[in-house]
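Please consult the sequence and the structure shown here while reading.

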Amino acid sequence: MKAEFNIEREKQNLLFYEESINDAAPIAFHSQVELFFVDEGEMVATVGNRQKLLKAGEMAVSLSFEAHAYYTPEASRSTVLIIPTYLCPEFIEETGGKRTENPFITDGKTVARIRELITLLNKCEHSPLEQKGYLYLILGLLLRQLPLAEGCHEMDPSLSSRLLLYINSNFQKDITLASIAEEFGYHPSYLSRYFKATFRMGLNQYLTTVRLKNALLLMNEKNSKHNLTYCALESGFHSLRTFHRTFLKEFGMSPKEYLKSLPPEEIISI
């Protein structure tokens, strides 16, 4: 499966700060800028097509809609700061359509300075103006440290977010590239190019991924009495045959073979 759109994070769309022990997150993306710090131990971080074992005092940065993931090999303590795009429009404009060539910062002094600014940021949660000032100091440091690769188009975070939220809310319906383009007021060919340039996958491919994920959730429901036809149609596939063909292409096994691989208590009726 491809990187997953973090729809819950997108809906919340708030400044978010959290400390974690032995944290892990599957590969996902969202419109917000995410700063990830390793405070103790080691963690493997992936941003785009780059991966690195981060040690204590190092960090990773994922820009708007940049796929990222991380996990703890043994033990770790980590911190994440997630910044909504509406709090840093100039930074989004500066980095729009670009990707980090090296999303990891290992310079201890820079990381320590960013952490100091985050501490100050958290102390003024009731003063939006002060918060924004500290945010821009943080983002300014990031721009100095992160080499950016030129993008091939101008990304609109608002359009990207609305597109993904619309697909995730309507995938069970008979939506297509043409119907989505009409909904948003764009020519299908433009929307197709925009989607592929922004998310590095076709719109139809993403729609299929969302539908397959929903089908898997239904198939994995404990004590479920749903059959495969229900799982397919409820996930937006036109027929069981289409679902079977798509499932086989994505996972290298048929839905029936997948069900046979589940523990007995999780197997649904075929």
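## A covered strand

In strand S6, the side chains of Glu-58, Ala-60 and Ser-62 point one way, while those of Met-59 and Val-61 point the other way, and all of these residues are buried. The model discussed here is a predicted one. In a regular strand, side chains alternate between the two faces of the sheet. Strand S6 spans residues 58-62 and is mostly covered, with 5 of its 5 residues buried.

Which strands pair with S6? Strand S4 runs antiparallel to S6, and 5 bridges join them. Within this pairing, Glu-34 stands opposite Ser-62. Strand S10 (residues 104-105) also runs antiparallel to S6, joined to it by 2 bridges. Here Met-59 stands opposite Ile-105.

## Pairings of strand S3

Strand S3 covers residues 25-29 and pairs in the parallel sense with strand S1 (residues 4-5) over 2 bridges. Phe-5 has Phe-29 in S3 as its bridge partner.

Strand S3 is also joined by 2 bridges to strand S7 (residues 68-71), and these two strands run antiparallel. In that pairing, Ala-25 stands opposite Tyr-70 of S7.

## Salt bridges

How many salt bridges does the structure hold? There are 4 salt bridges in the structure. One of them joins the side chains of Arg-115 and Asp-39, with an N to O distance of 2.4 Å. Because Arg-115 belongs to helix H3 (residues 108-123) and Asp-39 to strand S4 (residues 33-47), this pair ties together parts that are 76 residues apart in sequence. Arg-115 is partly exposed, with a relative accessible area of 21%. Asp-39 counts as buried because its relative accessibility is 17%, and the cut-off for buried is under 20%.

A salt bridge also connects the side chains of Glu-40 and Arg-77 at 3.2 Å, N to O. Glu-40 lies in strand S4 and Arg-77 in strand S8 (residues 76-83), so the pair ties together parts that are 37 residues apart in sequence. Glu-40 counts as partly exposed at 44% relative accessibility, and Arg-77 likewise counts as partly exposed at 27%.

Within helix H3, Glu-116 and Arg-113 lie 3 residues apart, about one turn of the helix. These two residues form a salt bridge in which the closest N and O atoms are 3.3 Å apart. Both are partly exposed, Glu-116 with a relative accessible area of 45% and Arg-113 with one of 38%. Salt bridges that share partners join Asp-39, Glu-40, Arg-77 and Arg-115 into one network.

## A buried arginine

Arg-211 is found in helix H8, which comprises residues 203-219. Which side chain of opposite charge is nearest to Arg-211, and how far away is it? The nearest is that of Asp-174, at 5.4 Å. Arg-211 is buried and has no salt bridge; the cut-off for such a bridge is within 4 Å.

The side chain of Arg-211 does reach the backbone oxygen of Phe-171, at 2.8 Å. Leaving aside residues up to four places away in sequence, Arg-211 touches Phe-171, Lys-173, Ile-175, Ser-235, Gly-236 and Phe-237.

Methods: Residues numbered from 1 in each chain as written. Predicted model: local features only at pLDDT ≥ 70, side-chain atom pairs only at ≥ 80, totals over all residues. Heavy atoms only, no water. Helix = DSSP H or I, 4+ residues; strand = E, 2+ residues; numbered from the N terminus. Buried < 20%, exposed > 50% of the residue type's maximum accessible area, 1.4 Å probe, protein only. Lys, Arg positive; Asp, Glu negative; His and termini not counted. Polar contact = N/O pair within 3.5 Å; in protein donor to acceptor, adjacent residues only side chain to side chain. Contact = heavy atoms within 4.5 Å. Pairing = 2+ DSSP bridges.
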